[in-house]
Each structure stands twice: as C-alpha cells, then as structure tokens.
Amino acid sequence: MSFLKRAWLYVTRKKGKSLLLFIILLVMATFVLTGLSLGKASDNAQQELRQSLGGEFLLSVDYSQNNPYLITESMGETGTVMYSTKQITPEIVQSIKEIPGVKYCDANTESLAVFADMSLFAGNIPIDEEYSHSVKTRGVWRSDESGLFTSGSLTLTAGRHITENDTNTAIISRDLAEKNNLKVGDIITTHSNDETEVKIEIVGLFEPKAIESFTDQVTTYDKIQNHIFIDLATAIAIENSSAVQGFFEATIVVDDPQSMDAIISAVKEISLIDWDGFAITADNTAYDAAASSLKQLSQLVSTFLIIIIAVSIVILSLILTMWARGRIHETGVLLSVGIRKTSVFGQYLTEVLIIAVLAFSLSFFSGNMIAGQVGNYFLGQQNNTSAEQSADEVAAADPGGAVAGDDNFLSGDTTDENTTPELNVVISGTEMLQMFGLGILIITLSVGMASVPVMRLKPREILSKMS
Amino acid sequence: MAILEIKNVTYSYDKKRNVLNGMSGELVSGKLYAILGPSGSGKTTLLSLLGGLDVPTKGTVLFNGEDILNKGLDYHRRHNVALIFQSYNLIDYMTPLENTRLTARQEVLPILTRLGLSKEEAKRNVLQLSGGQQQRVAIARALASDAPIILADEPTGNLDEDTATEITAILKESAHQLNKCVIVVTHSNEVAKQADVILRIKRGNLQISNNERN
Ligand SMILES: Nc1ncnc2c1ncn2[C@@H]1O[C@H](COP(=O)(O)OP(=O)(O)OP(=O)(O)O)[C@@H](O)[C@H]1O
Ligand SMILES: [Mg+2]
C-alpha cells in the first residue's frame with residue numbers, strides 16, 4: 001500500500017481531525033490571502049497615487065517684504081505695479097531642467113498686450129474700454145513645457161512650439177487665427193509701452209480641449225481663444241521696462257513625487273539663484289499624506305503577514321505534535337511491517353496537504369469576501385482624508401495668478417482629476433500561487449517539527465512505548 | 001540450512017548489564033519455536049533483534065547466512081520477517097482488508113477467510129472486531145507479506161483459552177504447511193506444548209531443546 005493510499009484512508013476515516021484541520025487551514029489561508037492581496041492593492045495604489053498626483057512645485061519671485069529687490073511704482077492715477085528686479089533667467093531654467101528627475105519646467109511671464117488690429121472673442125464680464133483689445137500674453141521659456149500643453153488642455157495643431165532661443169514668435173489659437181484670417185508665418189503687431197512697434201511671427205496654432213461655456217464668467221482677455229504664447233525676448237520687448245526681465249515664476253514638474261524633496265534641495269543649490277529674491281512653494285502634502293497612510297498600510301500588511309505565518313506554524317505544529325504523540329503506536333506498527341520512516345513522514349505530510357489543497361482552494365472565496373470587506377474599510381478611510389486634501393491642492397495649484405479670473409481655466413483641469421488612491425483588493429492567480437507556496441512551506445515546517453520527536457526514535461523504542 | 005542464525009549476540013540497554021550475553025543459535029524453516037523464560041529474561045529483546053527492530057551490541061543476526069545489516073533493517077523487516085504482537089498492533093483507521101494489504105504481496109481476502117473472518121467482518125473497522133479476530137488479522141497480515149519468518153510476542157496473551165488454542169493452531173499450521181519459520185514468545189504451557197522446538201533463555205543464554213511430545 002503506498003503512502004498516498006494510507007494518507008487518503010487517514011483523511012477520509014478520521015473525519016473529526018480532518019474537519020478541524022480543514023478549518024484551521026482555511027482560516028490560515030484566508031488570512032494569508034487577505035494579507036497578500038491587501039499588500040498588492042496598497043502597492044498598486046501607491047503607484048497609481050504617484051502617477052495621478054504627480055508632483056510639482058513653484059519657483060517664483062518672492063513678493064513678501066523679505067525681498068530686497070522689490071520695487072513698487074505707481075502707474076496711472078490709482079494703480080501701482082510691484083515687481084522684483086531679480087527674475088528667473090533662461091539660464092536658471094536651463095539649470096533646473098538639467099536636474100535629474102525634473103520632467104517639465106514651465107517658466108512663464110504673463111502680461112496684457114494690446115493687439116489693436118485683431119478682432120477678439122468677447123468675454124461676458126464687462127471690462128474697461130482700454131482693455132477691449134487686450135489679450136493675455138504668456139511669455140514662455142519653451143511652449144512645449146507649458147502646463148497648458150503638457151496637461152493636454154491645449155494641443156499644437158499647426159506649426160511648431162516656441163523654443164528658448166526664439167525671438168518675435170507667437171502661438172495663437174486656431175479660432176483667433178481663423179477669425180482674423182491669419183495662418184502660420186503671418187505677422188501680428190503690437191506696441192511696447194513707449195509705442196515702439198513689435199512685430200511677431202505666428203509660428204504655431206493651438207486648439208483648446210475645451211472652451212469656456214456660456215455660463216462661465218470670463219473677461220475678453222482671459223478667454224482661452226484670445227490667449228497668445230510668446231517667447232521671453234518678445235515679452236521683454238513688449239513690456240520694455242525693468243518690470244519684465246525674465247520669468248516671474250516657474251512650475252517645476254517632477255517625474256516622481258517621491259523625489260520631490262531631493263529635487264527641491266537640488267534647486268536650492270543652484271548658484272545662479274539669489275534666494276533673497278525668490279521663494280519656493282511646494283505642496284506635496286496631498287501626496288505625502290496619502291502616501292504615508294498607504295505606507296503605514298503596507299507595513300501593517302507585512303507585519304500582519306509575518307504574524308499570520310508565525311501563528312499558523314505554531315498552531316499547526318502544536319496540533320500536529322499532539323496528534324503525532326497519539327500516533328506513536330501507528331508509527332511503530334508501520335515501521336514494524338517494514339515501511340520506511342520517509343514513507344511514514346510522506347504519509348503524514350500528504351494527509352495535511354490533501355486537506356490543504358481543499359482548504360486553500362476554498363479560501364479563494366472566503367479570502368475574496370474578507371479582502372473585499374477590508375478593502376472597503378480602508379477605501380472609506382482614504383476617501384475621507386483625500387477629500388480634504390484635494391481641496392487644498394486646488395487652492396495651491398496656481399498661486400502665482402496675478403490677474404483676476406486666471407484660476408478659472410487652469411484649475412478646471414486639475415479638479416477633474418481623480419487623485420483618490422483606490423484600494424482595489426482582488427485575489428488573482430498570483431496571490432493564490434503565493435498563498436499555496438507559503439501554505440505548503442508552513443505545512444512542511446509544521447509536519448516536520450511535529451514528526452521529529454517520533455521519527456528520532458528507533459523502531460524498538462517506538463514499539464516499547466506502545467505497550 | 002538455517003534460515004535465521006544468531007552468533008554471539010550480546011545486548012545491553014544500559015551498558016552495565018547484558019540482557020543477552022553472547023547468545024548463539026540456529027533456526028530453520030517449517031518449525032514452530034517457542035521462546036520461554038521468566039519475565040525480564042530478555043525474550044522481547046531477542047525477538048526485536050531477530051525482527052530487525054534493533055541491532056545487537058555485539059554479535060550478528062544472519063538471514064540465510066547473510067548479516068541482516070547488509071541489506072538494511074528496513075529491508076529485513078519488509079521482506080524477511082513479519083511481526084505479531086500481544087496487542088495486535090493494527091492500524092485503527094483501516095479495515096482488516098486494508099491492514100492486511102499494508103505489505104501484502106498477494107490477494108488478501110482468501111487469507112482472511114481462511115483464518116475465519118467473514119467477508120463482512122473483513123470490511124469493518126478493525127476496532128469493531130473481537131480480540132481474537134483482531135489477532136487473526138495480525139496473523140493474516142504476517143502471512144500476506146510472504147515473509148518466511150514470523151515473529152510473535154505473546155500473541156495469545158490477551159485471549160481466552162479456546163481462542164488461544166485456535167491462534168496457536170493457525171501458527172503451527174503456517175509453520176508446517178506454509179513452511180515458515182515461526183517463533184513465538186510465550187508464558188503459556190499450552191502454547192509451548194504445541195511447539196516443535198523450545199528455546200529457553202537463562203542468564204542471557206539460549207538453551208535449545210526439541211519438544212519430546214511431537
Ligand atoms: N527500553 C529499555 N531500557 C532499559 N532496560 C530495558 C528496556 N526494555 C527492557 N529492559 C530490560 O531488559 C530486560 C529484558 O527485558 P525484556 O522486555 O526483553 O523481557 P521479557 O523477557 O520480554 O519480559 P516479559 O516476559 O515480562 O515480557 C529486563 O530486565 C528489562 O527491565
Ligand atoms: Mg516481553
């Protein structure tokens with residue numbers, strides 16, 4: 001009779017023991033599965049979180065009293081203009097861009113410029129007559145690094161992007177081009193503050209993913225269709241005063257929010273930047289908070305798994321040791337008829353494995369049920385915290401907006417994005433395989449430990465212990 | 001020629017006192033041997049050495065002239081000897097059929113029926129059989145294994161007189177008709193009377209005498 005047959009007979013005849021063992025193994029496997037699937041879910045969630053939140057920080061002119069380079073000039077009768085004589089130079093942008101892990105560097109300077117010859121798309125917020133032909137110009141380092149393009153809010157549909165070496169170039173909206181019969185290569189004209197004519201060549205056309213709806217409150221110069229991208233040299237030429245010498249701000253987007261602190265440190269090391277005049281605004285709190293709760297979950301899951309495995313080994317070994325003591329007689333009989341110790345051990349191991357296969361397979365269902373529950377529980381917690389966080393995040397998304405209404409368009413995009421890390425707890429083949437592997441390891445260890453005291457004995461000793 | 005031979009076998013549990021003391025002897029097929037001796041004289045010890053459950057401190061046990069250690073004790077237990085104990089030593093989660101099949105090299109139901117078990121009894125759990133029936137199963141297992149030597153340690157110790165007589169008759173039959181070498185440790189004179197050869201253990205040595213009655 002083979003050891004497999006003996007194992008089968010034992011398992012099917014000793015129904016009480018088999019049932020008890022089955023329950024123990026089922027519970028054990030369910031916990032192991034829950035742990036494994038939770039672990040994977042939290043890993044996935046961390047990954048997703050990083051990708052969805054991204055990471056960015058803002059380098060901008062410091063407008064606080066601490067900035068010694070700040071100058072306030074009166075303008076017209078009532079208005080004043082405040083600017084810093086230290087602004088972000090293309091060299092600074094270049095140095096930032098060279099830091100490993102920096103994805104985009106969206107350096108820009110916004111101002112208003114009058115294009116008297118152009119007919120514009122009218123906004124629905126009434127504005128002073130003097131601004132009726134004003135459009136928002138965005139002086140950029142490279143337009144392809146601009147957040148509007150990298151986020152997909154705008155797409156370049158004709159011509160090319162503005163680069164750091166360009167002068168007198170512009171990208172306008174396709175709508176505006178059509179309204180004014182303009183095309184790539186045409187020249188548009190504006191005037192600097194001292195009425196010098198500035199001629200700009202259209203090098204590209206963009207199309208927005210969405211335009212403001214009728215219900216959105218927006219001024220003419222804020223309408224996305226009236227937006228004009230220009231190179232820095234052109235921005236300086238139009239302004240023609242010390243108020244514009246470089247970029248006011250740069251939004252630096254990093255590949256992985258995890259490396260944000262390191263990159264900020266690297267930026268702070270750049271010797272070209274006079275830190276008296278600049279400030280960094282970083283808001284990684286959304287990521288940090290979500291990531292730390294996920295990290296805690298990961299650690300929790302690892303601890304949980306280790307405990308489950310340890311407890312399983314202890315409980316299984318104890319029970320099997322108890323049973324093995326009760327099976328000294330049987331062991332002696334088997335040895336006395338010439339069955340080898342390895343065959344006896346093989347039988348004892350097989351018995352547990354037969355039940356384990358059944359219990360482990362069924363744990364797919366119990367594991368799914370429990371993992372789902374646990375997942376929902378964590379998901380509920382996650383939702384609460386991230387709801388608060390995304391509100392902060394939106395507020396911080398565009399802190400440099402100098403002109404009213406600027407937020408409308410830019411932030412409309414980020415609020416749509418779902419930054420809630422979803423804990424998607426599912427049990428797949430991988431977890432089942434891992435659980436089987438772990439389970440078989442636990443069982444082999446336990447059966448081994450339980451069998452040592454009996455297996456060490458000589459057959460005669462076993463037989464004399466029997467009577 | 002001797003199927004089983006012991007040469008200068010000494011055995012000690014504690015290295016102070018020799019339970020067996022340079023014991024020698026030869027046993028042949030087709031005979032029923034009875035090992036007699038007072039309690040504690042070393043009968044079970046001798047049987048366990050013959051059965052390959054343990055090794056002598058000194059000396060050798062030979063099967064067909066070959067030291068049983070050459071092929072290993074597992075092999076010796078599996079192929080050369082079959083053991084029967086006072087306490088039957090059956091596996092409690094198996095039927096008589098399955099117990100007999102543990103090491104069987106032949107159809108087992110005919111053996112069980114020859115030993116007086118009905119078909120129905122052969123398929124019951126062994127614990128639901130009487131002591132005599134259980135011992136018959138143990139003997140059936142020994143016979144089914146095809147081992148040429150049967151070693152029995154007080155096989156009738158737990159049985160009433162009538163049953164003991166029947167069991168002894170079966171063992172004797174096995175020796176004479178199946179040409180096995182059957183060695184029975186016993187305290188019972190009734191059993192000893194049936195034996196062909198009496199082995200007496202005295203102070204660790206063996207006295208061999210043929211049974212005059214037979
Ligand atoms: N495991 C052991 N450890 C130490 N001494 C033992 C052990 N087993 C038996 N002995 C001793 O060895 C001697 C022989 O024991 P054994 O069991 O062979 O006697 P026996 O002739 O079978 O006795 P009985 O008729 O009572 O069964 C006894 O003195 C016994 O105390
Ligand atoms: Mg004894």
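How many residues of chain B are in contact with chain A? In this predicted model, 22 residues of chain B are in contact with 24 residues of chain A, contact meaning heavy atoms within 4.5 Å. Residues are numbered from 1 along each chain as its sequence is written, and chains are lettered from A in the order in which they are written. Local features need pLDDT of at least 70 and side-chain atom pairs pLDDT 80 or more, while totals for chains, interfaces and linings use all residues; side-chain values use heavy atoms, without hydrogens and water.

**Interface**

About 2,100 Å² is buried between chain B and chain A, and carbon and sulfur atoms give 58% of that area. Buried area is the accessible area (1.4 Å probe) that two parts lose on being put together, summed over both. Two salt bridges are counted between chain B and chain A; a salt bridge is a side-chain nitrogen of Lys or Arg within 4 Å of a carboxyl oxygen of Asp or Glu. A:Lys14 and B:Asp92 meet through their side chains in a salt bridge, at 3.2 Å from N to O. On the side of chain B that touches chain A, the elements giving two or more residues are α3 (73–80), β6 (81–85) and α4 (96–101) of chain B. Helices (H or I, at least four residues) and strands (E, at least two) are DSSP runs, numbered from the N terminus. The largest share of this side, three residues, comes from α3(B).

Over all chains, the structure holds 20 salt bridges.

| Pair | Closest N and O atoms |
|---|---|
| A:Lys40 and A:Glu431 | 3.4 Å |
| A:Glu110 and A:Lys136 | 3.8 Å |
| A:Arg142 and A:Asp144 | 3.1 Å |

A:Lys40 is in helix α2 (residues 15–53) of chain A and A:Glu431 in helix α12 (residues 429–455) of chain A, so the pair ties together parts 391 residues apart in sequence. Buried means under 20% relative accessible area, exposed over 50%, and partly exposed in between (1.4 Å probe, protein chains only). A:Lys40 is partly exposed at 28%, whereas A:Glu431 is buried at 2%. A:Glu110 is buried at 17%, and A:Lys136 is buried at 1%. Salt bridges that share partners join A:Glu110, A:Lys136, A:Arg138 and A:Asp222 into one network.

**Helix α6 of chain A**

In α6 (residues 232–239) of chain A, A:Leu232, A:Thr234, A:Ala235, A:Ile238 and A:Glu239 are buried. These residues lie on the same side of α6(A) because they cover an arc of only 160° around the axis, taken from the directions from the helix axis to the C-beta atoms. A:Asn240, with a positive phi near 50°, follows α6(A).
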